[in-house]
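Here's a quick tour of some helix packing and a ligand site. Have the structure open as you read.

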Amino acid sequence: MSMEIKKIGLLTSGGDAPGMNCAIRAIVRTAIHNNIQVFGIKRGFEGLLNGDIEEMQARDVSNIMFRGGTILRTARSSEMRTEEGVEKAAQLCKLLKLDALIIIGGNGSLSGGLDLSKKGVNVIGIPGTIDLDLDCTDYTIGFDTAVNTSLDAVNKIRDTSSSHERCSIVEVMGRGAGFIALWTGLSGGAEEVVIPERELSKEEIIEQILENRAKGKRHNLIVVAEGRGNSQQLAEEIEKDTGISTRATILGHLQRGGSPTALDRVAASIMGYNSIMALLEGKKNRIIIQRDGKYTDIDLEEGLNYHREYNDYLYHVTKVLAI
Ligand code: F6P
């Protein structure tokens with residue numbers, strides 16, 4: 001075991017995700033248990049660039065497991081997208097004598113981490129995003145809570161949709177990825193799921209609704225991923241072309257909050273713990289991932305460049321079960 005890690009920085013960046021606090025708690029406590037000092041950096045890279053940094057103790061992370069959001073707060077830093085910003089951040093990490101920087105965040109945030117690693121900072125990434133849109137890992141912190149929040153909304157919308165014999169469109173988050181939509185659709189018994197990964201025209205959706213009506217379905221539930229555009233307009237067009245009363249509900253940032261589910265708490269705790277263990281094993285520039293049911297770590301650059309083909313299986317099952 002290498003004993004070189006004495007002081008680390010920790011930040012959360014990009015969109016917050018339920019479970020980030022569990023990861024923070026796990027990192028702080030595992031580090032302190034191993035005599036490593038942890039410096040919490042506020043508001044992501046913004047805090048690093050502005051020196052908003054404070055040492056964290058074990059008691060600073062008491063009673064945060066059940067809270068959504070991130071106690072370190074977060075931001076999307078435009079400065080870190082510039083060469084000067086990355087250089088400044090790397091210099092600050094050296095000035096602060098950080099042996100490593102742990103970043104909890106999604107694609108954009110971890111890409112900022114990769115830039116830093118190329119300037120000599122040892123960066124460990126932990127995938128934290130409700131979107132599940134990091135291809136190198138089967139799990140990202142926050143996904144399960146977000147899906148359960150969406151599902152809870154779908155259950156309620158289904159009640160009123162069926163009473164009124166309506167078509168209901170529920171728009172969930174996912175700018176470039178349809179995972180929240182696919183999971184919400186399958187678990188909520190949706191008739192249709194519209195995601196950025198697969199083509200589906202308005203005409204096909206309408207044809208499906210009319211077919212469902214002819215088969216005796218009293219209501220239709222369509223889950224749309226945010227990345228597929230204007231749900232309100234789609235609702236108006238469906239109503240106009242089918243004559244069926246249609247309503248759109250946009251769930252929005254509701255999905256980013258809330259107390260993390262057990263699954264998110266466990267994943268975040270293990271990923272946080274593993275990030276410190278990776279450092280103690282002398283590893284550099286890694287991303288902590290879950291693959292085939294196991295937690296492991298891979299090279300940060302390799303992880304961020306990893307591309308997984310879209311798999312239509314969840315959509316296919318949803319459609320078969322919606323006959
Ligand atoms: O990346 C997570 C995410 O929730 C996306 O699904 C969504 O498009 C985006 O963040 C919204 O970001 P903001 O908090 O900047 O509105």
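## Helices α7 and α8

In this predicted model, let's start with α7, which covers residues 202–214, and α8, which covers residues 231–242. Their axes sit 10 Å apart and the two helices pack at an angle of about 55°. The crossing itself is right-handed.

Who's touching whom? On the α7 side you'll find Lys 202, Ile 205, Ile 206, Ile 209 and Leu 210, and they meet Leu 234, Glu 237, Ile 238, Asp 241 and Thr 242 of α8. Sorted by class, that contact holds 6 nonpolar residues, 1 polar and 3 charged.

## Helices α1 and α9

Next up is α1 (residues 20–33), which pairs with α9 (residues 262–280). Here the axes come within 7 Å and cross at roughly 35°. This crossing is right-handed too.

From α1, the contact uses Cys 22, Ala 23, Ala 26, Ile 27, Thr 30 and Ala 31. The α9 side brings in Arg 265, Ala 268, Ser 269, Gly 272, Tyr 273, Ser 275, Ile 276 and Met 277. The class tally for α1 with α9 is 9 nonpolar, 4 polar and 1 charged.

## Helices α6 and α11

Now look at α6 (residues 179–188) and α11 (residues 313–321), whose axes come within 9 Å and cross at roughly 25°. Angles under 35 degrees count as roughly parallel, so that's the label for α6 and α11. The handedness is left-handed for this pair.

Leu 182, Trp 183, Gly 185 and Leu 186 make the contact from α6, while α11 supplies Leu 314, Tyr 315, Val 317, Thr 318 and Leu 321.

## Around the ligand

Which residues surround the ligand? They are Arg 76, Ile 130, Asp 131, Met 173, Gly 174, Arg 175, Glu 226, His 253 and Arg 256.

Some of these side chains put a polar atom by a ligand oxygen. For Arg 76, a polar side-chain atom is 2.9 Å from an oxygen atom of the ligand. His 253 does likewise, with a polar side-chain atom at 2.8 Å from a ligand oxygen. As for Arg 256, an N or O atom of its side chain lies 2.7 Å from an oxygen atom of the ligand.

Note on methods
Residues numbered from 1 in each chain as written. Predicted model: local features only at pLDDT ≥ 70, side-chain atom pairs only at ≥ 80, totals over all residues. Heavy atoms only, no water. Axes fitted to C-alpha atoms, helices over the stretch in contact; angles between N-to-C directions. Helix = DSSP H or I, 4+ residues; strand = E, 2+ residues; numbered from the N terminus. Left-handed = near helix turned anticlockwise from the far one by under 90°. Contact = heavy atoms within 4.5 Å. Nonpolar A, V, L, I, M, F, W, Y, C, P; charged D, E, K, R; others polar. Near = heavy atom within 4 Å. Polar contact = N/O pair within 3.5 Å; in protein donor to acceptor, adjacent residues only side chain to side chain. Parallel < 35°, antiparallel > 145°, perpendicular 65-115°, else oblique.
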